[in-house]
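Welcome! Here are some exercises to work through with the structure on your screen. Take your time with each one, then read the solution.

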Amino acid sequence: RRCPMTSIENTKIGTSVNSSIGFVVYNSTVDNSDDGQSSGAYIFRPSGTLDVLNRGARGLNLTMVSGPVFSEMRQTFSSWLSLSTRVYEAKAWADLKWRAGPLPIGDGLGKEVSLRISSAVQSGKEFYTDSNGREMLKRKLNYRPTWNLEVSEPVAGNYYPLTAALSVSDESSEMAVVLDRACGGTSLKSGDLEFMVHRRILADDGRGVGEPLNETECGCTNCDCAGLRVAGTTSLVFGTAEESAQARRRAQAIKEAPLVAAFRPVDAMEAVKPLSGIQGKFPDNLSLMTFHALDSSTVLLRLAHMFQAGESAVGSKPATVDISTLFPGRKIEGVQEVSLSSNRVLDPDLGTTEVTVSAMQIRTFLVKHGGAQGAATAAY
């Protein structure tokens with residue numbers, strides 16, 4: 001008899017935790033009274049859940065695939081909900097490849113689908129959400145720091161906007177998801193991570209759109225066409241607080257700026273010389289946020305620290321880099337520090353090409369450079 005996932009183990013550091021992954025499908029509220037509020041494009045107001053776990057005579061519809069590059073567990077919860085959990089040999093995180101839709105509406109109810117990861121992490125009522133992909137903010141279930149909250153919507157009232165990550169932690173471990181799109185998310189129980197992946201709603205929420213959020217494959221809203229299909233890949237990170245924080249930030253950096261493969265036709269095999277825009281090693285906790293040529297001799301450069309203070313014993317340390325390593329073969333004639341929007345000069349001449357960026361800091365520079373030195377070629 002095949003069984004769903006029951007635990008997650010980080011074999012690199014020998015840490016494991018009891019956990020499970022599945023979907024929760026909320027039925028959308030329809031309230032047409034004068035002072036009522038329905039779910040819609042702007043409002044999330046669930047009314048109970050729908051059991052979608054697909055169990056047949058042989059148990060859960062589950063397939064295991066193993067290989068030298070990755071191993072994968074494929075789960076089918078229904079004809080319109082599936083999940084593949086992929087573990088790579090060379091990555092410090094797993095990828096959750098989910099598919100949802102077309103959401104059924106034959107029962108006359110809208111559906112709002114979230115992916116939920118339940119674990120034994122002792123997070124209590126606290127969890128963390130990102131602030132525009134930068135700092136992780138502490139949240140607390142049924143609580144607001146600046147006023148006394150009266151809980152009228154125990155689910156929707158605890159959903160927060162996410163653009164990059166959601167995490168829970170205890171004294172020994174952290175579990176986090178790194179997202180590939182903005183959505184809403186929460187932790188309704190200790191150790192849980194939950195984020196929304198799809199919605200199909202049959203009522204208007206009265207907030208200005210003037211129609212239900214009933215998107216279909218053929219573009220109509222009041223028709224018999226199938227609803228949209230949605231697919232995504234969410235990274236799941238688990239480990240000690242230190243290991244997880246570093247893996248989470250690395251996964252986030254890869255999702256925000258993935259490698260792009262480019263091709264061109266050739267008549268025969270060619271030997272291609274390696275080309276890099278960086279000389280030497282670039283700090284692991286630093287992000288090259290902007291590298292934009294304003295003219296033939298001036299580059300707008302932004303360097304962003306990837307970690308916040310206290311997030312990682314290693315990653316939160318200040319990062320130092322020599323700007324000249326970003327201009328191989330070019331002579332740096334001057335470095336000017338400016339404000340984030342580059343409309344105000346902070347330091348007209350740094351007098352050095354070596355700069356240090358502290359935790360969560362973003363520093364912006366205008367770099368003047370001259371022609372190529374020797375036989376080297378500019379790589380930007």
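The exercises below look at a cavity and at some salt bridges in this predicted model.

**Exercise 1.** Find which residues line the largest cavity, and work out which element gives the largest share of the lining.

*Solution.* 
- Step 1: Start with the count, which comes to one cavity of 30 Å³ or more. About 60 Å³ of space lies in the largest cavity.
- Step 2: Collect the lining, which is made up of Asn10, Lys12, Ala92, Val237, Phe238, Gly239, Glu243, Ser244, Ala247 and Arg250.
- Step 3: Look for elements that give two or more residues to this lining; they are strand E17 (230–239) and helix H1 (241–256).
- Step 4: The largest share comes from H1, with four residues.

**Exercise 2.** Sort the lining residues of the largest cavity into nonpolar, polar and charged.

*Solution.* 
- Step 1: Gly counts as polar here, while Ala, Val and Phe count as nonpolar.
- Step 2: Sorting the lining in this way gives four nonpolar, three polar and three charged residues.

**Exercise 3.** Lysine 91 and aspartate 95 form a salt bridge. Decide for each partner whether it is buried or partly exposed.

*Solution.* 
- Step 1: Check the distance: the closest N and O atoms are 3.8 Å apart, and the cut-off for a salt bridge is 4 Å.
- Step 2: Lysine 91 has a relative accessible area of 37%, so it is partly exposed.
- Step 3: Aspartate 95 has 6% relative accessibility and therefore counts as buried.

**Exercise 4.** Describe the salt bridge between lysine 138 and glutamate 126, and say where in the chain its partners sit.

*Solution.* 
- Step 1: The two side chains meet at 3.9 Å, N to O.
- Step 2: Lysine 138 lies in strand E11 (residues 136–140) and glutamate 126 in strand E10 (residues 126–130), so the pair, twelve residues apart, links distant parts of the chain.
- Step 3: Lysine 138 counts as exposed because its relative accessibility is 52%, whereas glutamate 126, at 31%, is partly exposed.

**Exercise 5.** Which residues are linked with arginine 248 in a network of salt bridges?

*Solution.* 
- Step 1: Begin with the pair arginine 248 and glutamate 174, whose closest N and O atoms are 3.0 Å apart.
- Step 2: Arginine 248 belongs to helix H1 and glutamate 174 to strand E14 (residues 174–178), 74 residues apart.
- Step 3: Both arginine 248 and glutamate 174 are buried.
- Step 4: The network links Glu174, Arg248, Arg249 and Glu311.

Key
Residues are numbered from 1 along each chain as its sequence is written. This is a predicted model: local features need pLDDT of at least 70, side-chain atom pairs count only at pLDDT 80 or more; totals for chains, interfaces and linings use all residues. Side-chain values use heavy atoms; hydrogens and water are left out. On a 1 Å grid over the protein atoms alone, a cavity is a set of points where a 1.4 Å probe fits but cannot get out, and a pocket is an open set with protein on both sides within 12 Å along at least five of seven lines; lining residues have an atom within 4 Å of a point. Grid points are joined across faces, edges and corners, and a volume is the space filled by probe spheres set on the points. Buried means under 20% relative accessible area, exposed over 50%, partly exposed in between (1.4 Å probe, protein chains only).
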